[in-house]
Amino acid sequence: MKLELKDINFSFSHKIVLDKLNISFNEGKLHGLLGENGAGKSTTANIICGELIPSSGKILLNNQEVHFSTPKDAINNHICYVHQRPMLCENITVYENLIIGLSKQQIKKVSEFSKALLPGINLKTPIFHITSDYRFFISLTNALLKEPEILILDEPSALLNKEQISFLYSKLCHLTKKGMNIIVITHSQEEAEKYCDDVFYLNSISPNLNKLAAESTKNNENNHHKENTNFPLKSENSIEVNWNNINCKTRNHIPLKNINLKVQSGKITLVKGYAEQGLSQLEDILCGMNKFKCQGKLSIKKNNQLTTYSLSKGFSTYKLRNKCGLRIGIIPTNKKFRGANPALYIKDMLTFKQNFITPEKIIEKSKINISKEEKASALSGGMLQRLLINRELAGNPELLILCNPLQGLDKASCINIKNKLEKLAAENTAILILSNSEFPEEICSLVHQLKKGEFV
């Protein structure tokens, strides 16, 4: 099925996101859609799948104009969208999630599709036991069971390892050979050029306007200077934070074994690994979001005073932020629902107890064209990332825990984050990074590799 967008316009409140967008996606091809943060990639996808209604313009399927008011309208027209952070039901099984929205005839194919796309996954497993990478494949399987002719994937490789990325694209290429029209939103030009039949670029042409560029534009790293900050970041205190003897064993997860981790003022500590190797479970424990019993202790030494806490199931994010005597900034991997919520107004998302800066100041600092009266659902992934980082920095943290901080960011934003972290470390902040993708190790004082639940 051929898809065309003609003269598409879309605005959030005072901000124009898409301005006369014209683009055509032909059937039987794998298309890459690239662009910097805020250029309108996710907005374009949301319009195609019926989650947003354009201000003006036309959507054409096989040269026939269609109108979508809801995602169900798009699904009825054989269009499915797999989000970057799949919205699955936590307290039901993999199988029950797979059959949501399926007809009786489609349900009969669950076993066949699961064997092809979910090898080794027990369909009776509750979703809350499933790591982020497999959640993506579960959401993809559900979409393919609906027999789409057009499939949209938002940053599909964000939480996948190299083997999973190769596996994914081999399946996508097989589907295009059968005639499916597939659109992949990605920040990786290398990935798009390697796997896609054609690549489209959305380029910002002003703070308010975006248009489709026919050719690639290269970022010039020399144009991205280190950002000055007006936030009171310097910490005079010296701290050392230790997580000792972390052990955690749960069904369908790789057990964590004897994890010992130290983070100190003025240093950046990096933990590299993949979700399925235990990184997502370690994140939950370190950030006070763990749902399972675990063993281990957290010790905080501040100005030679030592305090110790048990990392049992009752150790929460609230306790970590408010009861440990440290100013702590936390940015989780799931920024959309753990770091914020689409239903929140931006002014509420940017206001919390430790924050000494107004929402207006954080928005200005993030260089985002958005009103505090808008909802977080109006933010692209990159825009949300920048707001969360500046929100946490506004609390003048002594300890900063960043989980996949470069996920969903364009090249310029990645450079800016790297420079910001170097500056924070120089100002005596203790920084812990958890990352399942490439992260600049040259700025780190200590690097741990997590494999099969252990540091190697």
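Q385 is buried, with a relative accessible area of 1%. Buried means under 20% relative accessible area, exposed means over 50%, and partly exposed lies in between (1.4 Å probe, protein chains only). This is a predicted model, in which local features need pLDDT of at least 70, side-chain atom pairs count only at pLDDT 80 or more, and totals for chains, interfaces and linings use all residues. Residues are numbered from 1 along each chain as its sequence is written, and side-chain values use heavy atoms, with hydrogens and water left out.

Stay with Q385. This residue lies in helix α14 (residues 381–393). Helices (H or I, at least four residues) and strands (E, at least two) are DSSP runs, numbered from the N terminus. Beyond its neighbours within four places in sequence, Q385 is in contact with residues including I331, K335 and N404. Contact means heavy atoms within 4.5 Å.

β16 pairs with strand β17 (residues 399–403) in the parallel sense, over four bridges. Two strands pair if DSSP finds at least two bridges between them. Here G329 stands opposite L400 in β17.

Now turn to another sheet. Four strands form an open sheet in the order β2-β1-β4-β5, with antiparallel pairing. β2 (15–25) and β5 (64–66) stand at the edges with a single partner strand each, so one side of each has no neighbour in the sheet. β1 and β2 pair over seven bridges. F10 has L18 in β2 as its bridge partner. Helix α1 (residues 41–48) lies across β1, β2 and β4 (56–61), running at about 115° to β1. Such angles run from 0 to 180 degrees between N-to-C directions, and axes are lines fitted to C-alpha atoms, for helices over the stretch in contact.

K2 sits in the segment before β1 (3–12). K2 is partly exposed, with a relative accessible area of 27%. Its contacts beyond four places in sequence include S24, F25 and L60.

Finally, look at two helices. Helix α6 (residues 132–145) packs against helix α7 (residues 162–177) at an angle of about 10°, with axes 12 Å apart. That makes α6 roughly parallel to α7, a label for angles under 35 degrees. Among the residues that meet, α6 supplies F136 and F137, and α7 supplies F167 and L168.

Definitions and conventions: Angles under 35 degrees count as roughly parallel, over 145 as roughly antiparallel, 65 to 115 as roughly perpendicular and the rest as oblique.
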